[in-house]
Amino acid sequence: MNLQEYLKENRLITDGAMGTFFDSRKQSELTAEMGNKKAPKLVKEIHKEYIKAGARLLRTNTFDMAGEPFDTREKTQECIRLACSIARKAVEECREEGILDDSEPVFIGADIGPVNYDYQCAKDDILNRYLWITDCFLKENVDCFVFETQAEFGILGEITSYIKARDDIFILVQFSFDKTGYTKAGLSIPSMVRAMERQQTIDGYGFNCGMSSSHLSRILNKTAFEGNKYISALPNASYTSMSRGKIVYSNNVPYFADMMEKLDSIGIRILGGCCGTTPNYIRSLSERLKNRPLRQIQTIPADRGKSNILQRENPLLAKLNRGEKIIMVELDPPFGENADKVLEGAAFLKGKGTDVITLSDSPLGRARMDSALLAVKVLKETGMPVMPHISCRDKNIIALRGLLLGLSMNGLDNILIVTGDPVQKGDGVKQVFEYNSIRLMNYVKTMNEDVFAGHPFFYGGALNYSGVNKEAVAARMKSKIEAGVSCFLTQPVYSDEDIERITYLRNETGAKIIAGVMPLVSHKNAVFIQNEMPGIHISDEIMNRYAQDLSREEYEDIAVEVSEDIIKKLDGVAAGYYFMTPFNRYALIQRIINRITVQ
């Protein structure tokens with residue numbers, strides 16, 4: 001009997017935690033995966049205890065295989081082989097000891113956790129590692145694959161397709177959600193359910209880690225399932241606390257079983273435990289459910305409990321969609337606490353052709369006034385629409401989510417999402433980079449569908465059009481478009497070569513590009529930008545116009561003329577213009593706007 005056949009007539013009780021239970025029993029500093037070679041008897045005894053408790057799915061002791069816990073592939077393959085062998089030996093001994101009768105199946109699941117990668121990891125490297133690991137498990141003839149604690153489906157689509165092409169084996173994909181109902185990658189429970197119900201290469205999906213049994217029970221009772229797949233629920237024993245420097249879980253076996261019984265009542269067919277659970281948890285769960293009839297998954301309308309949501313039109317998006325040029329003006333947040341210049345600039349520009357003020361987030365990694373807090377003040381005091389830049393450099397996902405909620409509460413619907421300039425080496429400041437811009441864009445896209453459904457964020461992305469490989473630049477733009485970006489703001493444009501590159505990228509991707517215009521206001525300024533700003537190239541023709549020792553008025557006249565010439569060349573390419581204000585000279589920017597908007 002295979003697992004698919006078993007689930008048609010039975011609920012499947014899985015084991016509980018291996019890692020935390022192993023840690024509580026070990027006598028040295030071994031990790032759980034190292035135990036397959038150095039403490040095989042302990043790993044086998046843990047498996048046997050779960051079988052005795054009623055578990056009929058054993059997950060191999062290989063959770064961290066995708067995270068490269070060993071320094072060679074040979075050691076990784078040996079760990080996988082030993083883990084499968086130990087699990088099978090545990091089943092054999094339970095049969096020999098009369099704990100299991102010969103007709104009672106126990107399935108061996110290839111347990112694979114997420115890759116712990118940062119934003120710089122290449123997708124192909126991660127995919128190739130996963131595929132190699134699945135090949136190792138297929139050679140061991142496991143009964144199913146269990147991909148656990150995932151944050152996004154992503155490359156798992158390719159991996160599960162790869163597996164199914166070689167063996168019609170049961171595949172279960174489980175995601176880890178926090179208390180807010182989101183994964184670390186920004187995937188929400190409703191969006192995950194919608195995607196997994198339609199995914200042809202998996203047989204079941206569900207939830208492990210992240211949440212306690214009570215929280216998971218409350219959320220899943222309100223979740224709209226379609227009933228096309230088997231659903232799993234393997235919550236933690238509880239939320240964690242610290243005691244004497246160690247992570248501890250509550251000892252709450254009866255309470256856990258109560259909550260799991262509620263999950264069984266809505267038709268969750270695969271039930272077990274994750275971090276902090278032990279054989280006692282699984283025994284209590286198994287005994288509680290032993291005589292209960294099987295339930296079909298509870299399907300409910302996706303809009304249950306929701307009122308009709310009125311959509312608030314975003315003026316920027318509406319203007320883009322009408323094909324009208326958008327005018328953005330960037331003002332620089334101050335290094336100190338006085339923001340008068342920014343407020344004066346926003347008030348001066350209001351109602352004179354500028355659609356939105358943008359505020360950068362510490363460019364070059366130099367601390368300035370927080371762009372989001374300043375944006376709130378600008379909006380409240382001037383009424384001018386604002387688009388703060390949101391950087392991934394300094395904030396983890398907890399801070400980023402809180403920031404998005406706070407901006408929305410204050411009526412700010414426009415943001416520019418950037419990865420952020422790195423901190424300079426040697427200054428003693430740590431950078432975060434838990435996300436990059438694309439992952440944050442996907443997070444906001446999901447929140448727009450769920451949390452901000454009536455007033456979604458309009459968000460743009462940065463475009464470094466001068467990258468050496470223009471095909472790679474276009475590919476990254478397409479990834480951002482898939483992540484919900486509405487437009488791209490570019491670096492300053494100064495040459496025909498820049499315009500040619502932007503034209504190619506626009507044609508290749510279909511993107512709406514807001515071209516960067518940064519007026520040069522002196523010879524010194526032009527020389528600095530030419531030599532100190534990476535990726536910006538000022539043509540010789542423009543440089544020659546900035547002779548030394550001209551007056552401020554003469555330099556500004558040249559700046560207006562040069563900017564107007566560039567804008568004319570961009571007319572058929574750009575969806576709008578993004579003015580970077582030199583030294584807060586917003587009156588100069590207004591002169592240029594007046595010139596280009598005169599009919």
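A cavity is a set of points, on a 1 Å grid over the protein atoms alone, where a 1.4 Å probe fits but cannot get out, and lining residues have an atom within 4 Å of a point. This is a predicted model, in which local features need pLDDT of at least 70, side-chain atom pairs count only at pLDDT 80 or more, and totals for chains, interfaces and linings use all residues. Residues are numbered from 1 along each chain as its sequence is written, and side-chain values use heavy atoms, with hydrogens and water left out.

**Cavities**
- About 40 Å³ of space lies in the largest cavity, to whose lining helix α21 (residues 552-570) gives the most, with three residues.

Helices (H or I, at least four residues) and strands (E, at least two) are DSSP runs, numbered from the N terminus.

**Ser 391**
- Ser 391, which lies in strand β13 (residues 386-391), is buried (under 20% relative accessible area, with a 1.4 Å probe and protein chains only), at a relative accessible area of 0%.
- Leaving aside neighbours within four places in sequence, Ser 391 is in contact (heavy atoms within 4.5 Å) with Asp 361, Leu 400, Val 418, Thr 419 and Gly 420.

How values were computed
Buried < 20%, exposed > 50% of the residue type's maximum accessible area, 1.4 Å probe, protein only. 1 Å grid on protein atoms, 1.4 Å probe; cavity = no way out; pocket = protein on both sides within 12 Å on 5 of 7 lines; lining within 4 Å. Points joined across faces, edges and corners; volume = space filled by probe spheres on them.
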